[in-house]
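Hi everyone, thanks for coming.

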Amino acid sequence: MKILLIKMSSMGDIFHTFPAISDIKKQYPHAEIDWVVEDGFKEIVDWHPGVHKVIPINLRRWVKRRNKQSWQEFKTWRADVRTETYDYIIDAQGLLKSAVIAKCAKGNGVDGYDKNSAREPVTHWFYTRHHFIDKDQHAVQRTRQLVGKALGYTPSSKLNFGINQNFTHVHKNTKKLIFIIGTSWVTKLWATCEWQELCKIAIDQGFSVEIIWGSAEEQAIADQIISVCPQATRPEQRLSITTIAEKLVAAAAVVGLDTGFSHLAGALETPTIALYGATSPIKVGLIGDHTQNLQLSEPFECMPCHKRHCKWLPENSTDTPQCMSGIKAVEVWDALQQKLAAQALHEAATIDSPANDSTPI
């Protein structure tokens, strides 16, 4: 069985798709799964052993440039994709752009969301087979159910991201925390003063803190935190995704925002607290017992707004919206301690379980 999966971006969406790949390989161990993904995320998709071939695409660049060279590159890409014939082509993204790309492939039609389930309803015109998937559930489960319906099985309750085996060489540091301070929207940022307070609490409690950054703006925030907490550190240079993953695996725990690296920490089963305000933790939050999505205990009526600009702030303001500034460092620390305690109990139970007892019977 040859399957082509379309899920091109973003980073968080890529991680949300991994459990569906694990499901397929559990049901059909010999299935060959090819995956179309934006070139910048090829490194991530390669982590999953269930993926037969990664097919990188530069759609973002082609759309941005819209010139003759981009058109020629797209036609070459399309010709290459059509050298394979697929038994199933599944658009797991549900956007117009992904539906168009799915139609470029050769095979037995395209499976996708029906018009009441897709993020962009117009996409249903591009599909051969349409599947209703309830919108009011987590993105991970939506993708798993779509793929299951397309291939004729029901996903199990167990969630398997399937990428931990890539990082078995990494050693855990039980006294190190990672802070992920950056995100793509200003409305999803947490107040720098709260990061500073959380950093002070962690260091006072005997933890070391490393702050991950990916842009000049995030580097500046990291430096502001370190100015108050000089014991904290940050990488001198921007790190590769794989290097960051290794740091997330090595950490005792992670605190982050609604961003791809927080989702990665969750996928790697590191205890993780993610802070939410403008976006919905119910639909796109971290998932799994080792994670917690933290937001205001009494949410505002406008939450989640899913907006890049807060309507209560002046235009072009970089101030932290109240839905995020209202989350206090002490609350985050308390949640983090609960996750660390739960993780310790889980590890102790695993060591003491009969399956792990090496004593001869």
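Quick housekeeping. This is a predicted model, so to speak: local features need pLDDT of at least 70, side-chain atom pairs count only at pLDDT 80 or more, and totals for chains, interfaces and linings use all residues. Residues are numbered from 1 along each chain as its sequence is written, and side-chain values use heavy atoms, with hydrogens and water left out.

Okay, helices. Two packed helices are described by the angle between their axes and the distance between the axes. Helices here are DSSP runs of H or I with at least four residues, strands are E runs of at least two, and both are numbered from the N terminus. Take H7, residues 192–204, and H8, residues 216–228: their axes come within 9 Å and cross at roughly 45°. The axes are lines fitted to C-alpha atoms, for helices over the stretch in contact, and angles run from 0 to 180 degrees between N-to-C directions. That makes H7 oblique to H8; under 35 degrees would be roughly parallel, over 145 roughly antiparallel, 65 to 115 roughly perpendicular, and the rest is oblique.

Who touches whom? On the H7 side, Thr192, Trp195, Gln196, Cys199 and Lys200 meet Ile221, Gln224, Ile225, Ser227 and Val228 in H8, with contact meaning heavy atoms within 4.5 Å.

Now the cores. A nonpolar core is a set of buried Ala, Val, Leu, Ile, Met, Phe, Trp, Tyr and Cys residues joined through side-chain atoms within 4.5 Å. Buried means under 20% relative accessible area, exposed over 50%, partly exposed in between, using a 1.4 Å probe and protein chains only. The largest core has 51 residues, and Trp35, Ile44, Trp47, Leu248 and Leu264 have the most contacts inside it. Helix H1, residues 11–27, gives the most to this core, with 7 residues.

Most residues other than glycine have a negative phi, and most peptide bonds are trans. Here, the bond from Ser9 to Ser10 is cis, with omega near -5°, and the one from Met303 to Pro304 is cis too, with omega near -10°. Pro304 lies in the loop between strand E13 (291–294) and helix H12 (322–325). His306 is found in the loop between E13 and H12 as well, and its phi is near 55°. At 42% relative accessibility, His306 counts as partly exposed.
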